[in-house]
Amino acid sequence: MEKGPFSVEWLAQSSRGTARPSAAARRSRSPPGDASGQESPEGEAGGGAVPGRPRTKFSAAQLQELERSFREQRYIGASEKRRLAAVLNLSQSQIKTWFQNRRMKFKRQTQDAR
């Protein structure tokens with residue numbers, strides 16, 4: 001008998017971080033109309049990425065403006081976020097996420113320099 005997702009055995013393994021739903025279980029949870037039945041390789045989605053949402057590729061001009069704003073102030077206020085979103089044709093959440101990621105990059109760079 002196959003150990004399906006959420007069986008006692010599967011739950012015990014999942015608490016140790018080793019459980020993976022079976023291929024049949026993954027296919028059964030696919031959205032209606034998705035009859036492809038093809039399995040994607042492990043880790044293809046980038047580990048937690050939202051399925052179907054492509055990565056935002058910022059243009060050179062957008063990056064230049066974002067970096068300039070970051071050099072002035074590492075934490076962005078609401079009004080500056082709205083201004084950048086309008087000027088760069090991005091959403092406010094994209095601006096917020098870019099600043100969060102840039103702060104983490106800055107933190108890694110400064111820690112590596114020590």
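Helix H4, spanning residues 78-88, has Lys81, Leu84, Ala85 and Leu88 as its buried residues. These residues lie on the same side of H4, because the arc they cover around the axis is only 100°. The model discussed here is a predicted one. On the face of H4 turned away from the buried side are the exposed residues Ser79, Ala86 and Val87. The cover over the buried residues of H4 includes helix H3 (60-72) and helix H5 (92-112). After H4 comes asparagine 89, which has a positive phi, near 60°.

**Phenylalanine 99 in helix H5**

Helix H5 contains phenylalanine 99. This residue counts as buried because its relative accessibility is 1%, under the 20% limit. Apart from neighbours within four places in sequence, phenylalanine 99 is in contact with Leu66, Ser69, Phe70, Gln73, Arg74, Ile76 and Leu84. One of these contacts, Leu84, also belongs to the buried residues of H4. Tyrosine 75 stands 24 residues from phenylalanine 99 along the chain, and the C-alpha atoms of the two are separated by 7.3 Å.

A network of salt bridges links Glu65, Arg68, Glu72, Glu80 and Arg83.

| Salt bridge | Closest N to O distance |
|---|---|
| Arginine 68 and glutamate 65 | 2.6 Å |
| Glutamate 72 and arginine 68 | 2.4 Å |

Arginine 68 takes part in a salt bridge with glutamate 65 and in another with glutamate 72. Arginine 68 and glutamate 65 are both in helix H3, three residues apart, or about one turn of the helix. Glutamate 72 and arginine 68 are separated by about one helical turn because they are four residues apart in helix H3. In an α-helix, which has 3.6 residues a turn, residues three or four places apart therefore point the same way.

Glutamate 65 counts as buried, at 18% relative accessibility. Arginine 68 is partly exposed, its relative accessible area being 27%, and arginine 83 is partly exposed as well, at 33%. Glutamate 72, at 58% relative accessibility, counts as exposed.

Key
Residues are numbered from 1 along each chain as its sequence is written. This is a predicted model: local features need pLDDT of at least 70, side-chain atom pairs count only at pLDDT 80 or more; totals for chains, interfaces and linings use all residues. Side-chain values use heavy atoms; hydrogens and water are left out. Buried means under 20% relative accessible area, exposed over 50%, partly exposed in between (1.4 Å probe, protein chains only). Helices (H or I, at least four residues) and strands (E, at least two) are DSSP runs, numbered from the N terminus. The arc is that of the directions from the helix axis to the C-beta atoms. Contact means heavy atoms within 4.5 Å. A salt bridge is a side-chain nitrogen of Lys or Arg within 4 Å of a carboxyl oxygen of Asp or Glu.
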